Amino acid sequence: MHFSRKSLGIPYAVFLLVFVVLPLLVLVFYAFTNGQGQFTISNFTGFFTDPNTLGTLFYSLLLAAVTTAVCLTLAYPTAYILGTSKLKSRSVIVMLFVLPMWINFSLRITALKEILTILEGNLAMYPFLNAVIGMTYDFLPFMILPLYTTISRLDGALTEAAMDLGADRTRTFLEVVLPLSLPGILSGVSMVFLPAMTNYVVLDMLYNSTYIMGSLIGSYFSAYDWHGGSMISLILLALICIFTLLTGGSEETARGGALL
Amino acid sequence: MNVFKYLNILNFLKKREIKKAVFVLCAAAVLLSCGIGTGFRITAKAGEPDPDKTIVLRVSNWEEYIDEGDWDEEETIELPDADIIGENSVIEDFEDWYYETYGRKVRVEYSTFGTNEDLYNMLTLGDEFDLVCPSEYLIMKLMAEQELVPLSESFFDESDENNYYIKGVSPYIRNIFETQEIGGEPWSKYAAGYMWGVTGFVYNPEVISEEEASTWKILSDPAYRRQITIKDNVRDSYFAAVGAIKSDLLLSDEFRNDPDYKKNLEREMNDTSPEMIAQVQEYLQNVKDNVYSFETDAGKADMITGKVVCNYQWSGDGVYTLDQADEDDFELAFTVPEESTNIYFDGWVMLKRGIGDDSAKQHAAEAFINFNSRPDITIRNMYYIGYTSVLSGGDDPLIFEYAEYNYAAEEDEEESDEEAVDEEAAEDVVEEAAEEDEEESEETEEVSEGTEEESGGDEAEDTIDYDVSYFFGGEDGTYVITADADAMHRQLFSAYPTREVLGRSSVMIYFTQEQNAAINRMWVNVRCFNIHHVPVWAWILILALIAGAVFAAVKIKRRFHGVG
């Protein structure tokens, strides 16, 4: 018996085929057929002509954008302080940020619900705010980690050089540190933005009764409309692809810059 | 206790939220497994059944909807005629019972589902079950689609002592199952009831009066803005909205006194005309901005923890909520809106695709229904689930005894010390009487009645006679529970609503595909953010932000290229 290195990849290939490729084909099939199994693009046009589905897309994008912005605002200074500090225990501190992720998701949100109730009095008065807080609470570690990794690997000599050459602190940060940490920002953003568009469990549990993309798809399936549901899933998938390509593309440029 | 409550809440979350999430995320994977499944499915049905072979019965039921046994000793329900305790799960007991009774081995493959829609999707995807327990509207849908096997004639033979269902089903429920029809056939031909209830409101009597909570219109009442929860499912919400919109009509004397009241009521409550759907949409959009949340399970916990003051609820869960609140010394109440209430049932039906023409399997399936209808098993299930069974027990007194055990006024608690002493003395008398007298039960009753009068005095209005004869069978006054005075809006009322309330209940029929499509569309419209609501300044702001981002990106890129 002898294996080539390639055969080690077979289990993953099988997994990929069974759980990713085939379901995707089924999804495409449903998206472009109607109840009678005939080919149609009405599901597709339906999505872009219905003010409610478009509104849901808008709401999801807005929610995701705000969440991402909040995460970035909170995470960047934290990651910067940690990444540039000389503390020996800084990996322990980073660990502390990741620690909440070890706790069960629904448990965390349930706890958050209680905290917010104490803070806000009546939770249901601020549905959008709650959703943003919930998502931020949930996804913040995903933003901190890549940022921290990038910033802590940043070559200190470059900032020193900038300062030596007469740049003040602000300018050094804006023109050296920030551009160099761009890869971290981009991967953090994509790790927060994409799940924030679909993670409707947070909204459900925090009593925001407006649908986002995830719940919209769910509602189509529970109304037995698999065709419409599949089409929305497909459109979402396409959006994610575009987003990834965009950030991925500039990420390479940024990396190129970081390599210098 | 708080810890348990907390754990309970978590349980809900785990079950529903995650299930839902997993369902959506894996929908595609499920689609696939169906495709592959068809290829691999082993043709188990081949050949004539061999009498020695174990029958495999595939049952699918709601989560936590059958007693799983393993009770503590203290949980034993001590009724005058029997002590009831669940040692093993009902499933195991059924397998043993079937072998002892019919001499054949049966193995139950038991699985659960979360919603009727999940079950229907599973069936469409090719999952095969022999016996399932959906709600009435899915039963109607399955009947209309001719997916069901009719119950056999022998199932209705009351002379067979093992036919616990037909001997024990409540005459009230039986009548509904025999008169409600789909395609000219009564439900009873295909379906045997399991649990039932009505919809209403659990409310906090310290904040809301019973009168306020007795109308569907409270959902849009600005006085309770963000303090009421509504069910996160389209059917229940639709029903409530119709009730609220047609409130004036439904409450008018003219409508009420019409000889065809019941028929008219069901017609009105099942109104799915385009105009009605449009009105419901508008109403529910208001409700969405007024209620605390659309909830699937969290409403019970939110009610108990006092986050909300009123909760649209199924009566079975109403009992649960009230019980849980009682443990925290927090008194809640249950009421049913005056306009109309949705009476619902879960029932057992056999599927053609599963049973086929396998008579041995059908026999086992019907035996499973009967076993679950045996009075002691019924009580175990009711105790475990907290819902009310459609069974009244027929000649067997156990189920009524269980209702009394749960809801009859307790004379030895909640009374002043002096009276408690009296009470003890009275109990001694009872015990002596029990030893001496042959007719112990009657004697006990007399004595306890006597006690009531003695201790009465200032608390003469402490108890009421709650008539449940309509359910247990017989003339008014045959089955009366002497309950605490507040029983009218407490657990007893939720478990066995009064005849008067049921007089204004209506069954919500299943909708045709077009109606369903229109109503689901309405629901999506209610729940979605409409893009037309985005103001112009917001668009300008967004465009500006995007332009800014692009500009920044380009600038950064240039700089790098410049440096590189």
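Biologist: How far apart are the centres of domain 2 of chain B and domain 3 of chain B?
Modeller: Taken over C-alpha atoms, those two centres are separated by 30 Å. Keep in mind that this is a predicted model.

Biologist: OK, and how many residues does each domain put into the contact?
Modeller: Domain 2 of chain B brings five residues, and domain 3 of chain B brings four.

Biologist: What kinds of residues are on the domain 2 side?
Modeller: On the side of domain 2 of chain B that touches domain 3 of chain B, you get two nonpolar, one polar and two charged residues.

Biologist: Where do these domains sit along chain B?
Modeller: Domain 2 covers 53–183 + 349–373, while domain 3 covers 197–339 + 506–527. The assignment also lists others, including domain 4 at 408–493.

Biologist: Switching topic: which residues touch the most other members of the largest nonpolar core?
Modeller: They are B:Ile228, B:Val280, B:Cys310, B:Val349 and B:Phe368, in a core of 200 residues.

Biologist: And which helix gives the most to this core?
Modeller: Helix H6 of chain A (residues 127–152), with 14 residues.

Biologist: Back to B:Ile228, what does that residue touch?
Modeller: Leaving out residues up to four places away in sequence, its contacts include B:Ile218, B:Val291, B:Tyr292 and B:Cys310.

Biologist: Now the backbone. What is phi of B:Gln146 near?
Modeller: Near 55°, which is positive even though B:Gln146 isn't a glycine. Most residues other than glycine have a negative phi.

Note on methods. Residues are numbered from 1 along each chain as its sequence is written. Chains are lettered from A and ligands numbered from 1 in the order in which they are written. This is a predicted model: local features need pLDDT of at least 70, side-chain atom pairs count only at pLDDT 80 or more; totals for chains, interfaces and linings use all residues. Domain bounds come from an automatic or database domain assignment. Two residues are in contact if their C-beta atoms, placed from the backbone, lie within 7 Å. Ala, Val, Leu, Ile, Met, Phe, Trp, Tyr, Cys and Pro count as nonpolar, Asp, Glu, Lys and Arg as charged, and the others, Gly among them, as polar. A nonpolar core is a set of buried Ala, Val, Leu, Ile, Met, Phe, Trp, Tyr and Cys residues joined through C-beta atoms within 7 Å. A residue is buried if 20 or more other C-beta atoms lie within 10 Å of its own, exposed if 12 or fewer, and partly exposed in between; C-beta atoms are placed from the backbone. Helices (H or I, at least four residues) and strands (E, at least two) are DSSP runs, numbered from the N terminus.
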